[in-house]
Amino acid sequence: MKKCIILANGKPPKKNVITFFQKRNFQTLICADGGANSAMKLKLIPDFIIGDLDSISSEAIKKFRSTSKIIKIKRQNDTDVEKCLKYAIKNNYDEALLVGATGNRLDHSFCNLGIVLKFFSEINISLIAEDSILKPYKGNVKLKTHPGETISIYGIDTKTKITSRGLRYPLKNVSLPFGKKESTSNVASSKTVELKITGGIIFIIRDVNLMMKYDLF
């Protein structure tokens with residue numbers, strides 16, 4: 001499987017988070033425009049820098065000109081993150097880890113959450129923000145968990161129903177529509193959590209540091 005990390009122009013993760021996933025076959029680093037500025041600060045070398053290049057610093061362009069493939073895409077119908085994802089999909093990447101996609105711009109953060117849904121059927125996406133990792137799911141899901149681990153579950157609409165096994169607060173064919181109901185801070189009661197999801201897609205948010213510690217990926 002081909003896997004990539006997409007570093008956007010928001011608040012970047014700690015370097016050890018990126019290197020953790022690089023060691024787990026996320027070997028391609030794609031920077032979305034100004035994400036290259038973060039890569040430079042983290043002393044990482046992108047394989048690709050993609051976007052309209054209005055946010056990348058001249059210093060970063062100079063530094064990465066000889067080491068990274070820089071692809072300028074002027075099209076404004078897509079965000080720079082979308083341009084990166086479309087490039088990944090076109091080049092047969094199966095999975096993308098989106099980092100630096102949140103920060104002081106709430107509209108950008110909200111947009112990138114929507115992008116996770118938008119590209120769900122085309123590529124497997126996870127999003128890391130601060131200490132959290134978000135991943136979309138549908139169908140029958142079996143999660144490797146750590147007893148006592150906090151697991152938060154969010155639906156999108158009333159059509160999506162969720163039934164759980166292995167959670168302290170079980171879900172029995174319930175919907176968790178955004179803005180009406182959620183399962184925030186539920187708790188894993190065993191080493192596995194099983195979910196049956198029908199009628200749509202849900203978000204699950206977990207602690208990325210705990211998952212790294214116990215190798216729950």
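Mentor: A salt bridge here is a side-chain nitrogen of Lys or Arg within 4 Å of a carboxyl oxygen of Asp or Glu. By that rule Arg-75, Asp-78 and Lys-86 are linked in a network of salt bridges. The model is predicted, so local features need pLDDT of at least 70, side-chain atom pairs count only at pLDDT 80 or more, and totals for chains, interfaces and linings use all residues. Residues are numbered from 1 along each chain as its sequence is written, and side-chain values use heavy atoms, with hydrogens and water left out.

Trainee: How many salt bridges are there in the whole structure?

Mentor: The search finds nine.

Trainee: What is the N to O distance for Lys-83 and Asp-80?

Mentor: That salt bridge is 3.6 Å, N to O. The two residues are about one helical turn apart, because they sit three residues apart in helix 4 (helices are DSSP runs of H or I, at least four residues, strands runs of E, at least two, numbered from the N terminus).

Trainee: Are Lys-83 and Asp-80 buried or exposed?

Mentor: Both are buried, where buried means under 20% relative accessible area, exposed over 50%, and partly exposed in between (1.4 Å probe, protein chains only).

Trainee: And which residue does Arg-206 pair with?

Mentor: Arg-206 pairs with Glu-149, the closest N and O atoms being 2.6 Å apart. Arg-206 is in strand 11 and Glu-149 in the loop between strand 7 and strand 8, so the bridge ties together parts 57 residues apart in sequence. Arg-206 and Glu-149 are buried.
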